[in-house]
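Please read the points below with the structure open beside them.

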Amino acid sequence: TLPQTASLLALIVAATVLISPAEAFIGALRSQAKAKLLDVVKRGGSNDDVLTALQGVERLSFGDAKLSSPLLPGNWLMVWTTSDSIAGKSRAPLFQTPTPPEQLIDIENGRALNAEKVLGITNSVQADITPATKNKVNVQFKKFKVGPVGFNAPESFKGELSVTYLDDDMRISRGDKGNAFILLRESNSRDVANEVWKEWRKSW
């Protein structure tokens, strides 16, 4: 009936009015927390300082970090990690990558590709990924490539990777070896990622 329809519309409108401010508030909190996190990285903050800011972002995830999210697939740029070897901090400056290492995630086809450029040469690691939980994948490394030269990875080269925060432009992941990673989406954050990586490298 007309009165029932009117009441239903009124409820929908009321719900929209109530939800939108809440979403806007959460969005503002996330933006503030992410900006703080990237600022700590750019200033060369200690791992403890970065992890404290990182946890502040993770707390605002509210269950959005899922493998099923359409935001997860795509190419991501790593701008910080606790792993010195993955970042390349232990290498001589000449052999460090001047731009953020990349990670292509393809959940549908169960694959991932990590890549970096050193002295103009692209080095990469191919891996198979399979869902383990709603936000974690098992990783089986398959092939390493140094420029045009490729070789198979040993069967023992495997691990796990969890997504602990995910939105339109940032992803936070944690590995089974205790390492944490901050990544920005290449399609909309390449310039920001380049700047954060450049500034972080100054602290090495």
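**Notes on the chain**

1. Of the 204 residues in the chain, 39% are buried, where buried means under 20% relative accessible area, exposed means over 50%, and partly exposed lies in between (1.4 Å probe, protein chains only). This is a predicted model, in which local features need pLDDT of at least 70 and side-chain atom pairs count only at pLDDT 80 or more, while totals for chains, interfaces and linings use all residues. Residues are numbered from 1 along each chain as its sequence is written, and side-chain values use heavy atoms, with hydrogens and water left out.

2. Four helices and nine strands are assigned in the chain; these are DSSP runs, numbered from the N terminus, with helices taken as H or I of at least four residues and strands as E of at least two. Their order along the sequence is α-α-β-α-β-β-β-β-β-β-β-β-α.

3. The C-alpha trace spans about 75 × 35 × 30 Å along its principal axes. The chain exposes about 11,500 Å², of which carbon and sulfur atoms supply 58%; the areas come from the Shrake-Rupley method with a 1.4 Å probe, and for residues only the protein chains shown count as cover. Of the contacts between residues at least 6 apart in sequence, 52% join residues at least 24 apart, a contact being heavy atoms within 4.5 Å.

4. Points are joined across faces, edges and corners, and a volume is the space filled by probe spheres set on the points.

5. The largest pocket holds about 990 Å³. It is lined by 40 residues, and those closest to its centre are Ile86, Asn114, Val125, Phe141 and Phe181. The lining comprises 21 nonpolar, ten polar and nine charged residues. Nonpolar here covers Ala, Val, Leu, Ile, Met, Phe, Trp, Tyr, Cys and Pro; charged covers Asp, Glu, Lys and Arg; the others, Gly among them, are polar.

6. One cavity reaches 30 Å³ or more. The largest cavity has a volume of about 50 Å³, and its lining has eight nonpolar residues, no polar ones and one charged. Arg171 is one of the lining residues, which also include Leu67, Ile105, Val137 and Leu161.

7. Is Arg30 buried or exposed? Arg30 is buried, at a relative accessible area of 15%, and belongs to helix H1 (residues 2-42). Beyond neighbours within four places in sequence, Arg30 contacts Leu60, Ser61, Phe62, Asp64 and Tyr165.

8. Gln140, in strand S5 (residues 136-146), is also buried, with a relative accessible area of 16%. With neighbours within four places in sequence set aside, its contacts are Ala127, Asp128, Pro154, Glu155, Phe157 and Lys158.

9. Two backbone values deserve a check. Phe62 is not a glycine, yet has a positive phi of about 55°; Phe62 sits in the loop between helix H2 (47-58) and strand S1 (74-81) and is exposed at 52% relative accessible area. Leu119, likewise a residue other than glycine, has a positive phi near 55°. Leu119 lies in the loop between strand S3 (111-118) and strand S4 (121-131), and counts as exposed because its relative accessibility is 51%.

Conventions:
On a 1 Å grid over the protein atoms alone, a cavity is a set of points where a 1.4 Å probe fits but cannot get out, and a pocket is an open set with protein on both sides within 12 Å along at least five of seven lines; lining residues have an atom within 4 Å of a point.
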